[in-house]
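Reader: Hey, can we go through this one together? I'd like to ask things as I go.

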Amino acid sequence: MNTDKLNFTIPSKAKMLSFALMAVGLLSIIIMFAVDKGDGEHYQSHTRAWSNIFIGSFFFMALALGASFFLGLQYAAEAGWATTIKRIIEAVSWYLPWGLSLMMLLFILGQLHIHHIYPWMESGIADKDPIIAGKIGYFGIFWWVRTLFYIIGWTWFTYKLRTNSLEADKLDVDVNNSYHWKNVKIGAWFMVLFAVTSSTSSWDWVMSIDTHWFSTLFGWYIFSGMWISAMIAITVLIIWLRKIGYLEFVTESTIHDVGKWMFAISFLWTYLYFSQFMLIWYTDIPEEIVYFQTRWESYKALMWTVLFINFAFPMVMLMSRDSKRNFFLLMFVGTIIFIGHYLDIVMVVMPGTVGHAWTGISWMEIGSFLFFLGLFIYVVLTNLSKRPLLVKHHPFLDEALHHST
Amino acid sequence: MGSPVAKTKYIVHGIFNDEVPMLDACRKLRSSGIRIKDVFSPMPVHGLDDAIGLPRTRIAICSFIYGLIGMSLATLMMWYMMVSDWPIDIGGKPNWSYYLAVPAFIPITFEATIFCAAHGMVLTFYLRCWLVPGAKAKNPDPRTTDDKFLIYLELTEQQSLKAQEILKTSGAEEINQKGSFIVPPAYTLEEAH
């Protein structure tokens, strides 16, 4: 094994790319705020701009959270195959503090009435809106307590998983796996916390945009989206790193397995998306159907695009074994589905904020996506360069180095 | 090649305690030109297919076809029952058209696809391996169902000696030459080279 390839240095091209993305994104965000005055009748000034900021912050935060979940899952399941890519997952998951800080900033700005993404944050809304009045106990101070709980809980678990993994590298004795077993426990407890908070946080942060509406399945739907985005980010990063000469210890079978996850979770997402749609379509209760009415009337093209990209496309492209071992194809399909899941979040958020005044995907959505993408790339590559690309002492390391299916 | 004559083939069993030397022996045998007839193992061994040079399984193609059949049958069934023969008003859903009420039919289509693909695959697998009721076990050594790995070879006399040498050097615990049998001329022609 080539040991000088174990430490990653960010290629100047990649750094330039991330800065360029951020610069272009920032410019379009500034123009977006200048241009987006609202239509005066349906939605307020800058609402679309703020929604785009929210979508970008949430999508990449959720992606990091998905990676963090996957990391914990590998420990809890005591899985060996992903040991060689553990550092990649760790690097992706440690965008989490950035993502959560951006979310927190947005929440505070909302509470200060600078943006109007959450209708229930308006002062005196309970007097005007009887439905929100019935739910007001769940929002307000209780909402803030939950929000802080999620942020602290997730960050603590992710931090612990990461630092223990690095501490284990420093141990001289090969047989001392104490840090690993600590992580197994932490991972298991994180699964417990995540099982509950992934659902409730989606209700609190995303579903509450459509304050009148509710769906118990919504949390899993958002969760499946964040999980697949995380898997795509990990896959693309691995393939790119291999292409520029790192990660020669990651076997083809490991990448094949990550590809399988990509394929499988595409169906998990489709299953949840369709279940939510079908149950609401079937029962046809006015207070539920209103959610899909808005989408059907003003977001039809987006709805079909999202379903096609996130379901039919990966199904056809990734079904065979050979296509999951074709790294170019895996990267290409991954990139398309990645955009598909970003559009999915656009479709989740926009009808609740901009509503029927929506005019279709424009440079505003693209620009803010590029900014957050640039930030994400920069943060993840920086994380990656701070520690060796391969764990040193891990009980399953040998198994993963010889992984073949 | 000469005229077709009956040839004697020898059956060799190489028995191993562990799968790693067994895999190693498989690779060595194959690289010295010896065809491995079969390997018996108490558990699935990763990389065994490659090591003994099995061609890729085609069961995935079967599964795809069975899935398509299941999907078509389910669609036909539901169209006939719910649209053509006896339309029922369920929750005011459009009962005169399959297309308009399609979300309601998706779960059953999905289930039928999975059902046919899974059962079709299992049946194909059983028939292909002839694991039918009353079939006799073809296991050459019952210890392979417990803790031993067995490489099963059918070879000519010369090859047999070479193979036994390779098995010995790769750490076989036990090598048995289990007698011989006469190969009819028709087969000899095929394998003459």
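Reader: Which residue just after α10(A) takes a positive phi?
Author: That's A:Asp284, with a phi of about 60 degrees. Helices here are DSSP runs of H or I with at least four residues, strands are runs of E with at least two, and both are numbered from the N terminus. One caution: this is a predicted model, where local features need pLDDT of at least 70 and side-chain atom pairs count only at pLDDT 80 or more, while totals for chains, interfaces and linings use all residues. Residues are numbered from 1 along each chain as its sequence is written, and chains are lettered from A and ligands numbered from 1 in the order in which they are written.

Reader: OK, what span should α10(A) have?
Author: Its 32 residues should span 46 Å at 1.5 Å a residue, and the end C-alpha atoms are 47 Å apart, which agrees. The expected span is 1.5 Å times one less than the number of residues.

Reader: Which residues of α10(A) are buried?
Author: Among them are A:Ile255, A:Val258, A:Gly259, A:Met262 and A:Trp269. Buried means 20 or more other C-beta atoms lie within 10 Å of a residue's own, exposed means 12 or fewer, and partly exposed is in between, with C-beta atoms placed from the backbone.

Reader: And what do those pack against?
Author: In chain A, the buried residues of α10(A) pack against α9, α11, α12, α13 and α14, and in chain B against α4 (102-129).

Reader: Back to the glycine: why is A:Gly259 called buried?
Author: Because A:Gly259 has 25 other C-beta atoms within 10 Å.

Reader: What does A:Gly259 touch beyond its neighbours in sequence?
Author: Leaving aside those within four places, A:Gly259 is in contact with A:Thr235, A:Leu318, A:Lys324 and A:Leu330. Contact means the C-beta atoms, placed from the backbone, lie within 7 Å. A:Leu330 is 71 residues from A:Gly259 in sequence, yet their C-alpha atoms are 7.0 Å apart.

Reader: New topic: how many helices and strands does chain A have?
Author: Chain A has 16 helices and zero strands. Its C-alpha trace spans about 65 × 45 × 40 Å along its principal axes. Buried residues make up 42% of its 405 residues.

Reader: How many residues of chain B are in contact with chain A?
Author: Six residues of chain B are in contact with eight of chain A.

Reader: And how is chain B divided into domains?
Author: Domain 1 of chain B is 7-42 + 148-191, and domain 2 is 59-129. Those bounds come from an automatic or database domain assignment. The C-alpha centres of the two domains lie 48 Å apart.

Methods: Contact = placed C-beta atoms within 7 Å.
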